[in-house]
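Me: I would like to go through this structure with you and ask, for each label, what it rests on.

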Amino acid sequence: MNIRAIIIEDEPLAVERTKMYLEKIPFVSLVACFTKAKDALEFLGTNSIDLIFLDINLGEISGIQLLETKRPEAEVIITTAYEEHALKGYELNVIDYLLKPYSFERFLQAVEKVLAKLSKKENEVSERFIFIKTENRVEKVFLKEILYIEGMRDYRRIHTLSKRIMTLQNFKELEIEIPSAIICRVHKSYMVALDKIVAFEKDKLKVGEVVIPISETYKKGFFDLLPYPLKKD
């Protein structure tokens, strides 16, 4: 598993320490750093992140206010020199609360909590399924079985590991039912299972031996879902 993380911290030395610690943890990729909560909120509005290292004192908007304004879907580890906010942090469902200065061992312990929680979620996702209307029946399809979904005029063809299913359900309906972090829209005529991609370029990708185009409309959303080291400029 690769955990995609950001740092929201206005103290340069604290940022450098967190970066140094993260370099020792192979399953975490640092995506971005922010000194202002406002900039971080804008970023979170259009990017998918797994973990946030969040300071309390951030100037105009505090870390606590950020969580109260818009609770991110990502897990949150608070990093601060002030223990008096700990109760409030846990009321806001943060996964851990690190008091500065903290050791690498304590930092790793917090990150491993995130890994355990996300791994559990990932296992639950592998058992997720949807019901597809096809011909005169409704068929159960596990998301982990889907390779890609192809648009064919009025129909959508769902390519799975074992079969193909035709349905009149449109892409909008399918996008509502299926999380984009699992199966992502990459073109007006295609949705693709991210874990089934074997290779990609700037404007196309491969699932098995099938080449699928990536359109300008969906390009940013697609690349934002990829682990940070794989992003395209």
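Reply: Let me begin with a definition: helices (H or I, at least four residues) and strands (E, at least two) are DSSP runs, numbered from the N terminus. This is a predicted model, in which local features need pLDDT of at least 70, side-chain atom pairs count only at pLDDT 80 or more, and totals for chains, interfaces and linings use all residues. Residues are numbered from 1 along each chain as its sequence is written, and side-chain values use heavy atoms, with hydrogens and water left out.

Me: Where does Pro101 lie, and what kind of peptide bond joins Lys100 and Pro101?

Reply: Pro101 belongs to the loop between β5 (96–99) and α5 (104–125), and the bond that joins Lys100 to Pro101 is a cis peptide bond, with omega about -5°.

Me: Why is Glu135 called exposed?

Reply: Exposed means over 50% relative accessible area, buried under 20% and partly exposed in between (1.4 Å probe, protein chains only). Glu135 has a relative accessible area of 72%, and is therefore exposed. Glu135 sits in the loop between β6 (129–134) and β7 (137–142), and its phi is near 50°, a positive value in a residue other than glycine.

Me: What makes Arg153 count as exposed?

Reply: The relative accessibility of Arg153 is 83%, so Arg153 counts as exposed. Arg153 is found in the loop between β8 (146–152) and β9 (155–160), and has a positive phi of about 55° although it is not a glycine.
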